[in-house]
Amino acid sequence: QAALQMVQHQATKKGLSLPLSGGEDLPILLGDASRLRQALLNLLSNAIKFTEKGSVAIHISAVPAGAVRRHRHSTVGPVPCPTREDCEMMAVRVEVRDTGIGLSAEQQGRLFQAFGQATAETWAQYGGSGLGL
């Protein structure tokens, strides 16, 4: 909620809807709330920055921790739980979807590299430090 409140003005200024769904099934979570908020704020800010019309939608759900496959610094797709204990621990999945300019397959491959921009043209139009995700 805090991250949404921080970007709501930006979204409203651009005429974007900012729907939130899910989260009702979340158990009590232990973790670093400020880091989670910062990550979500970065995702939302980028989505709003690169979306001229439409929406930036957020969906939050709880999934078995063992059902999340790790790839570099991201979590992608459900996979079978390797052990019963892995399936008893829960993880939070946060999905941010937007109707923005998108990324090519080649640009997606560079998503989690520090200080990268999609293209020089993107940097010229939108600016930013390239810290990204």
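A: In the lining of the second largest pocket, helix H2 gives the largest share, four residues. (Helices are DSSP runs of H or I with at least four residues, strands are E runs with at least two, and both are numbered from the N terminus.) This is a predicted model, where local features need pLDDT of at least 70 and side-chain atom pairs 80 or more, while totals for chains, interfaces and linings use all residues. Residues are numbered from 1 along each chain, and side-chain values use heavy atoms, without hydrogens or water.

The lining comprises 13 nonpolar residues, two polar and one charged (Asp, Glu, Lys and Arg count as charged; Ala, Val, Leu, Ile, Met, Phe, Trp, Tyr, Cys and Pro as nonpolar; the others as polar). The pocket holds about 330 Å³ of space. Closest to its centre, among 16 lining residues, are Gln1, Ala2, Leu36, Leu40 and Ile60. (A pocket is an open set of points on a 1 Å grid where a 1.4 Å probe fits, with protein on both sides within 12 Å along at least five of seven lines; lining residues have an atom within 4 Å of a point.)

Now follow Ala2 and Leu40: they also belong to the contact of H1 with H2 (heavy atoms within 4.5 Å). H1 residues including Met6 and Val7 meet H2 residues including Leu41 and Leu44. This contact has ten nonpolar residues, two polar and one charged. The axes, lines fitted to C-alpha atoms over the stretch in contact, come within 9 Å and cross at roughly 15°. H1 and H2 are therefore roughly parallel (an angle under 35 degrees).

Key
Axes fitted to C-alpha atoms, helices over the stretch in contact; angles between N-to-C directions. Parallel < 35°, antiparallel > 145°, perpendicular 65-115°, else oblique. Points joined across faces, edges and corners; volume = space filled by probe spheres on them.
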